[in-house]
Amino acid sequence: MTGQAQDGNIILQVQNLKTHFFTAKGLVKAVDGVGFCLGRGEILGLVGESGAGKSVLGFSILGLIDPPGRVVEGRILFDGRDLRGLSPAELREIRGGRIAMIFQDPLTCLDPVFSIGFQMAETLKAHGRTGAGGLRDRAAELLGRVNIPSPRERLNGYPHQFSGGMRQRVGIAMGISGEPELIIADEPTTALDVTTQAQIMTLLHRPVRNKGTALILITHDIALVAQVCDTIGVMYAGRLVELGPKKKIIGRPLHPYTQGLIRSIPGHQEHKGRLFQIPGMMPDLSDLPPGCAFAPRCGLASEACRKTPVLHEVEPGRQVACHRGMA
């Protein structure tokens, strides 16, 4: 899959999605005209620096944008239905059931005053996934599936009694409890050690491999997406600047920003020395420079970059938003 999945296999199609925040400081275009397709069993990695709009894109798909933000334009087609046209009740049936979200820090979405077992039972009841043995048996089974030892005893524990990695596993267990067709994982391995990161990614990959679940992995770690994803979408200042198969993007990145991200991966330097870093910072989304938002940080910028580049196909399944085209 390349983000241009065949029609019969598409589970998610995002078209010209725009999510804006109307703040006292000005209009913030957090997501500005993003579009892609995702096939069943496909892993899409959305990568970019903090502030690129990756998480807002994930929240927009699920209808989790709070004021002063709102989705102002675009379509979000999930299995052929536009999620933007659904009633709150219809969206609740899909959210957490057919589409699950794994948050960066599950401690923020786990209630500290209730046991893990109680919270898992509530999740199961909300989506009608009780199982033959009852809520507690089903919850223990789910904890066992994410490799939490002594799962039945752990149901009596509270979030603060779990390590960061174990809380993330609980979040995954709750996410997969509804047997989702799409999982959106927002920075699921941040602040975890390397071994735990690998374990978390193995757990997330399991439903993709076994059930054909689609996965959107949101991360700033391009080395991680290079390992686990089929397709990579590179975001910068609210827009996709490159989209295509992992092997092509990692092997021959076309956008200068993608090139910089890959050069910053340890071990990718041509010569030993200081680790490469992209100069400058992500621009203020309420005060973007004219034309290409990356131009002020780009050593290859030219007069043409005063005009905003459009994401266009440069080869089958490969898109880039850069005036340099195939250069």
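Trainee: Which order do the strands take in the open sheet of eight strands?

Mentor: Good place to start, and keep in mind that this is a predicted model. The order in that eight-stranded open sheet is S6-S7-S8-S3-S9-S10-S12-S11, and the pairing is mixed. At its edges stand S6 and strand S11 (312-315), each of which pairs on one side only. On average, neighbouring strands of this sheet are turned by 20 degrees against each other, direction ignored.

Trainee: How many bridges pair strand S7 with strand S8, and in which sense?

Mentor: Strand S7 (residues 182-186) and strand S8 (residues 214-219) are paired over five bridges in the parallel sense. To find one of them, look at Ile-183, whose bridge partner in S8 is Leu-215.

Trainee: Which helices pack on this sheet?

Mentor: Helix H1 packs on the sheet and touches strand S3 (43-47), S6, S7, S8 and strand S9 (231-236). The direction of H1 makes about 145 degrees with that of S8. Helix H10 (residues 256-263) also packs there, touching S9 and S10, and its direction makes about 110 degrees with that of S9.

Trainee: What is the strand order in the open sheet of four strands?

Mentor: That order is S2-S1-S4-S5, with antiparallel pairing. S2 and strand S5 (81-82) each have a single partner strand, so one side of each is left without a neighbour in the sheet. Further in, S1 and strand S4 (residues 69-78) run antiparallel and are joined by eight bridges. As an example, Gln-13 stands opposite Leu-77 in S4. Helix H1 (residues 54-61) packs on this sheet too, touching S1, S2 and S4, and its direction makes about 115 degrees with that of S1.

Trainee: Now for helix pairs. At what angle do the axes of H6 and H7 cross?

Mentor: First the general idea: two packed helices are described by the angle between their axes and the distance between the axes. Here, the axes of helix H6 (residues 164-176) and helix H7 (residues 194-211) cross at roughly 5 degrees and come within 11 Å. That angle makes H6 roughly parallel to H7. H6 makes the contact through Gly-165, Gln-168, Arg-169 and Ile-172, while H7 uses Thr-196, Gln-199, Ile-200, Leu-203 and Leu-204. By class, this contact has four nonpolar, four polar and one charged residues.

Trainee: What about empty space? How much of it lies in the largest pocket?

Mentor: Rolling a probe the size of a water molecule over the atoms shows where empty space is left. The largest pocket holds about 530 Å³ of space. Its lining has 19 residues, with Gly-96, Met-101, Phe-103, Thr-123 and Met-174 nearest the centre. Strand S6 (99-102), helix H3 (116-126) and H6 each supply at least two residues of that lining.

Trainee: Which residues lie nearest the centre of the second largest pocket?

Mentor: They are Asp-32, Arg-239, Leu-240, Thr-308 and Pro-309, out of 23 lining residues. The volume of this second largest pocket is about 400 Å³. S2 gives the most to its lining, with five residues.

Trainee: And how many cavities of 30 Å³ or more does the structure hold?

Mentor: It holds one. About 80 Å³ of space lies in the largest cavity. Of the 13 residues lining the largest cavity, Pro-256, Cys-292, Cys-298, Cys-305 and Cys-322 lie nearest its centre. The lining of the largest cavity divides into 10 nonpolar, two polar and one charged residues.

Conventions:
Residues are numbered from 1 along each chain as its sequence is written. This is a predicted model: local features need pLDDT of at least 70, side-chain atom pairs count only at pLDDT 80 or more; totals for chains, interfaces and linings use all residues. Side-chain values use heavy atoms; hydrogens and water are left out. Axes are lines fitted to C-alpha atoms, for helices over the stretch in contact, and angles run from 0 to 180 degrees between N-to-C directions. Angles under 35 degrees count as roughly parallel, over 145 as roughly antiparallel, 65 to 115 as roughly perpendicular and the rest as oblique. Contact means heavy atoms within 4.5 Å. Ala, Val, Leu, Ile, Met, Phe, Trp, Tyr, Cys and Pro count as nonpolar, Asp, Glu, Lys and Arg as charged, and the others, Gly among them, as polar. On a 1 Å grid over the protein atoms alone, a cavity is a set of points where a 1.4 Å probe fits but cannot get out, and a pocket is an open set with protein on both sides within 12 Å along at least five of seven lines; lining residues have an atom within 4 Å of a point. Grid points are joined across faces, edges and corners, and a volume is the space filled by probe spheres set on the points. Two strands pair if DSSP finds at least two bridges between them.
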